[in-house]
Amino acid sequence: MVNQIVFFVFLIFYFGISPVQAGRPTQPGSISGTYGAKNTALSGGAAVVAEEVTTLFVNPSGVGFLSRSEFACGYQRGLVDTWRGYLGYVHNFQRFGLGTGLAFYDAGTTEIYDTLSGTNRTINAGNDFTANICGSWNIIQSRAGTLGLGLGLKLIGSTLAEQYTSATVGADVGFIYGLPENRLVLGASRRNLSSGISYLGQEIEKIPVIYNIGGEWKVVNSPDHQLAVVVNYENSDIYPLSKYGLGIAYGWKRFFSFRMGYNTLAKQLTFGGGIRLGRYQLDYVMLPNSELGDEHYVSLNIRVGKVPVPAATPK
């Protein structure tokens, strides 16, 4: 038990301390922001503590914490004409989990002046994608709880103004710890460990390493009522802009859920909900923006297969 606590404290310090680096940064849209309507409604904390498939994009250790295999997809209409989406699948193997996903982002259109024709023309401002594959292993399962570690690999591709294309590879690492029955779950991750990306052989641009620390406390977890509080902290090694998030979720008979959240960086409240019918779950969230219009996010989760029989808990 003492060894588990020491190891856990070490992980907290490793994931929680990240020095700011100098350099010219770039941030493809598919590696930033939040994934999934449920996760977005809870200010990004749900993915850190493995509440849904989107954990594969944020904390790879979470794919081993999901109770069964799941497929998920989501679409977010952003400001003006931007949009983002994702597809993801996680397969559960009792103490192991494997996940794969594709996230994509479109920056909309812009007008440029064509010096040859002397006219303006509309082009795509930029788009990018991130293809992820990750795995996790619950290395400790005891009466004191479960500790999982995860590693993810990713391919990041980006196109600017329809003519400058580049790609790079990166990695994500994370850990997650849950008390029995996951009444309290803590998680942390570092994302986008990469050498950077370069367009047309020019100067290598740094991709921000994003780190998250989050937790979830299931205050009430009965068949008729569920109440959970989710917290999240996010920062990066290039943009020293700390974001603290708080989310509250209430569920009724595991059929209907209401969620709301707030994050300090955007100073924004989020409101959402979800409906679960058998193995299908549909979630929605609205992000109100008074000046530029509201954003809307819809996602669908489909649980597949049977709930695996848990391995025997060591005594």
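Does Tyr 280 count as buried, partly exposed or exposed, and what is its relative accessibility? At 39%, Tyr 280 counts as partly exposed. Keep that residue in mind, as it turns up again in one of the close-ups below.

**Figure 1. The whole chain, before zooming in.** This is a predicted model. The protein has four helices and 16 strands. Of its 315 residues, 49% are buried. Take the contacts between residues at least 6 apart in sequence: 53% of these join residues at least 24 apart. The accessible surface comes to about 15,200 Å², and carbon and sulfur atoms account for 64% of that.

**Figure 2. A nonpolar patch on the surface, with Tyr 280 as one of its members.** Here's where Tyr 280 comes back: this residue sits in strand β15 and belongs to a surface patch that also includes Tyr 250, Trp 252, Phe 255, Phe 256 and Phe 258. Also in the patch are Tyr 262, Leu 269, Phe 271, Ile 275 and Leu 277. Together, the patch residues have about 990 Å² of accessible area. Strands β12 (243-252), β13 (256-263) and β14 (268-277) each give two or more residues to the patch. The largest share, four residues, comes from β14.

**Figure 3. Inside the largest nonpolar core.** This core has 19 residues. Those with the most contacts inside it are Val 53, Leu 56, Phe 57, Val 58, Tyr 86, Val 90 and Val 285. Two or more residues come from each of α2 (37-41), α3 (45-48), α4, β2 (83-93) and β15 (280-287). Helix α4 gives the most, with three residues. Zoom in on Val 58 and, leaving aside neighbours within four places in sequence, you'll find Val 58 in contact with Tyr 35, Ala 47, Val 48, Ser 189, Arg 191 and Asn 212. There's also a second, separate core of six residues, with Ile 140, Ala 144, Leu 147 and Ala 188 among them.

**Figure 4. Ser 61, a buried residue in a loop.** Ser 61 is found in the loop between α4 (55-58) and β1 (70-77). Ser 61 counts as buried because its relative accessibility is 0%. A polar atom of the Ser 61 side chain lies 3.4 Å from the backbone oxygen of Phe 175. The backbone nitrogen of Ile 176 is likewise 3.4 Å from a polar atom of that side chain. Apart from neighbours within four places in sequence, the contacts of Ser 61 include Ser 136, Gly 148, Leu 149, Gly 150 and Gly 174.

Figure 5. Side chains of opposite charge can pair when their charged atoms come close. Start with Glu 51 and Lys 38, whose side chains meet at 2.9 Å, N to O. Glu 51 lies in the loop between α3 and α4 and Lys 38 in helix α2, 13 residues apart. Glu 51 counts as partly exposed at 22% relative accessibility, while Lys 38 counts as buried at 12%.

Next come Asp 224 and Lys 253, paired at 3.0 Å, N to O. Asp 224 is in the loop between β10 (210-221) and β11 (225-236), and Lys 253 is in the loop between β12 and β13, so this pair ties together parts 29 residues apart in sequence. Asp 224 is partly exposed at 35% relative accessibility, and Lys 253 is partly exposed at 43%.

Finally, Arg 259 forms a salt bridge with Asp 283, with the closest N and O atoms 3.0 Å apart. Arg 259 counts as buried at 2% relative accessibility, and Asp 283 counts as buried at 1%.

Conventions. Residues numbered from 1 in each chain as written. Predicted model: local features only at pLDDT ≥ 70, side-chain atom pairs only at ≥ 80, totals over all residues. Heavy atoms only, no water. Buried < 20%, exposed > 50% of the residue type's maximum accessible area, 1.4 Å probe, protein only. Polar contact = N/O pair within 3.5 Å; in protein donor to acceptor, adjacent residues only side chain to side chain. Contact = heavy atoms within 4.5 Å. Core = buried A, V, L, I, M, F, W, Y, C linked by side-chain atoms within 4.5 Å. Patch = residues over 30% accessible without salt bridge, like charges linked within 9 Å, V, L, I, M, F, W, Y side chains within 5 Å. Areas by Shrake-Rupley, 256 points an atom, 1.4 Å probe, with all protein chains shown as cover. Salt bridge = Lys/Arg side-chain N within 4 Å of Asp/Glu carboxyl O.
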